[in-house]
Amino acid sequence: METLAPFKEVIQEINEAGGEVFKLCFQCGKCDAVCPWNQVRQFSMRKVIRQATYGLTEIDGEDVWRCTTCGRCPENCPRGVKQIDISVALRRIASAYEVFPASVKSARTARASLISEGNPLQFDRKKRADWVTDNNLSVKPFEEGMDLLYFVGCYLSYDPRMKKVAAATARILEKAGVSFGILGEKENCCGESIRKTGSENVFKSLARENIKTFVDHGVKRILVSSPHCYHTLKNEYPEFMANFEVVHITQYLKELIDTGKLTFSGTYPRRVAYHDPCYLGRHNQVYDEPREVLKRVPGLELVELADARNDSLCCGGGGGRIWMDTPKEERFSDIRIRQTIDVGAQDLVTACPYCITNFEESRLNLEVENIVAVRDITEIIQDVI
Ligand code: SF4
Ligand code: SF4
């Protein structure tokens, strides 16, 4: 690879992503102090910024791909530097030059699957609604006039663990008498995570197709299960002049309980810790609704983890990292499982498919399956209605 061209590209990309803001960095190192990577290995966003500002980035290195876009350092930076934008800009350049470290190769497979099948998991597009029949449900296709479009998302549509969450959600909606439907094979991945890996064109193509489908079907209000779908539909799709009302399941559960549409008939006598997903909490300030829902569950005792709310510890799955290889000893999700055990919680509950995927894996790796359960908030509600 030629060296001069990437340097020029880096500076140009950085400038396009708001170069002046990056130059505000005065190298204080607060970003490194809060970054979860430094709990498991050395990584310096401060250094990444310094190198990028001067066009000296090792574009084929691991550090370009490390940031999980968790949002902790932007919240703590005294100079308003947009660290996530820098990482995404560098990934765009690496993608353009097609230089990837070995750990990132699986994200390229996800990208290819998104282009061909509309999901990152290499499943057939036609099987996107199979979770409905697999769970003996009768969810209808969305029709204009229904209260809600349920935008299921890729992991809940295909991943065996997460299909249970899609089913729990559908059962709750049915019990509450909500008129809702799904798009089935017409639904595409929302595109949030592939955008963070620098594949802007793939994101744009997925987003445009989804928006067209929403408009063609007369969609007004969209329910999502994933905080990543929530973030991109709510905050990024308006870049295409498309505005729909987007509601996350934790917010919708609170609405259903507040309006009396959802009532409890059972109890859940367990000690539960709630984990704030980065894209629900820090990126969108949804902290209270999930806690209020859990506190209403009869018998449930809610406890807080060591790093909670805007200090929440990232699970490690954002920024496309869910598709990349992370060595066992470097997984943030292992720390989260240990924190759950430390507060004596029996369940680690959250509301994000990436968090659940990572926590389930850590629970197995740490061999604590008999001590801690990992649950989506809908699975708890399903048990008590
Ligand atoms: S916290 Fe902000 S100003 Fe300080 S080193 Fe990091 S990016 Fe630079
Ligand atoms: S956004 Fe999170 S993972 Fe990325 S550099 Fe900042 S603190 Fe680290």
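Thr69 counts as buried because 26 C-beta neighbours lie inside 10 Å. The cut-offs, with C-beta atoms placed from the backbone, are 20 or more other C-beta atoms within 10 Å for buried, 12 or fewer for exposed, and partly exposed in between. The model is predicted: local features need pLDDT of at least 70, side-chain atom pairs count only at pLDDT 80 or more, and totals for chains, interfaces and linings use all residues. Residues are numbered from 1 along each chain as its sequence is written, while chains are lettered from A and ligands numbered from 1 in the order in which they are written.

## Positive phi

Thr69 sits in the loop between H4 and H5. Helices (H or I, at least four residues) and strands (E, at least two) are DSSP runs, numbered from the N terminus. The phi of Thr69 is near 55 degrees, positive in a residue other than glycine. Most residues other than glycine have a negative phi.

Glu98 is another case. Its phi is positive, about 55 degrees, although Glu98 is not a glycine. Glu98 belongs to the loop between H6 and helix H7 (105-117). Buried or exposed, with 9 C-beta neighbours inside 10 Å? Glu98 counts as exposed, because of that count of 9.

## The ligand shells

Ligand 1 has 14 residues around it, and Cys25, Cys28, Lys30, Cys31 and Cys77 come nearest. A residue is near a molecule if its C-beta atom, placed from the backbone, lies within 6 Å of it. H3 and helix H4 (45-53) are the elements that give two or more residues to this shell. Its classes are eight nonpolar, three polar and three charged. Ala, Val, Leu, Ile, Met, Phe, Trp, Tyr, Cys and Pro count as nonpolar, Asp, Glu, Lys and Arg as charged, and the others, Gly among them, as polar.

Ligand 2 is surrounded by 15 residues, of which Cys35, Cys67, Cys70, Arg72 and Cys73 are the closest. Helix H3 (30-34), helix H5 (72-76) and helix H6 (83-97) each supply at least two residues of the shell around ligand 2. That shell has 10 nonpolar, four polar and one charged residue.

Axes are lines fitted to C-alpha atoms, for helices over the stretch in contact, and angles run from 0 to 180 degrees between N-to-C directions. A crossing is left-handed if the near helix is turned anticlockwise from the far one by less than a right angle, and right-handed if clockwise.

| Helix pair | Angle | Axis distance | Handedness |
|---|---|---|---|
| H10 (160-175) and H18 (377-384) | about 45 degrees | 9 Å apart | left-handed |
| H14 (249-258) and H15 (288-296) | roughly 45 degrees | within 8 Å | left-handed |

Angles under 35 degrees count as roughly parallel, over 145 as roughly antiparallel, 65 to 115 as roughly perpendicular and the rest as oblique. H14 and H15 are therefore oblique to each other. On the H14 side the contact uses Thr250, Gln251, Leu253, Lys254 and Ile257, and on the H15 side Glu289, Pro290, Glu292, Val293 and Arg296. These residues split into four nonpolar, two polar and four charged. Contact requires C-beta atoms, placed from the backbone, within 7 Å.

H10 and H18 are therefore oblique too. From H10, Lys164, Val165, Ala168, Thr169, Arg171 and Ile172 meet Thr378, Glu379, Ile381 and Gln382 of H18. The residues of this contact are four nonpolar, three polar and three charged.

## Covered helices and a buried strand residue

Helix H13 (residues 227-236) is mostly covered, with seven of its 10 residues buried. Those residues are Pro227, His228, Cys229, Tyr230, His231, Thr232 and Leu233. Their cover includes strand E1 (148-151), helix H11 (192-196), strand E3 (221-224) and strand E4 (245-248).

In helix H16 (residues 332-342), the buried residues are Phe332, Ser333, Asp334, Arg336, Ile337 and Thr340. Strand E5 (271-274), strand E7 (347-350) and helix H17 (353-365) are among the elements that cover them.

Thr350 lies in strand E7. Thr350 counts as buried because it has 27 C-beta neighbours inside 10 Å. Which residues does Thr350 contact, leaving aside neighbours within four places in sequence? They are Tyr274, His275, Pro277, Cys355, Ile356 and Asp376. Asn38 is 312 residues from Thr350 in sequence and 24 Å away in space, C-alpha to C-alpha.

Technical notes
Contact = placed C-beta atoms within 7 Å.
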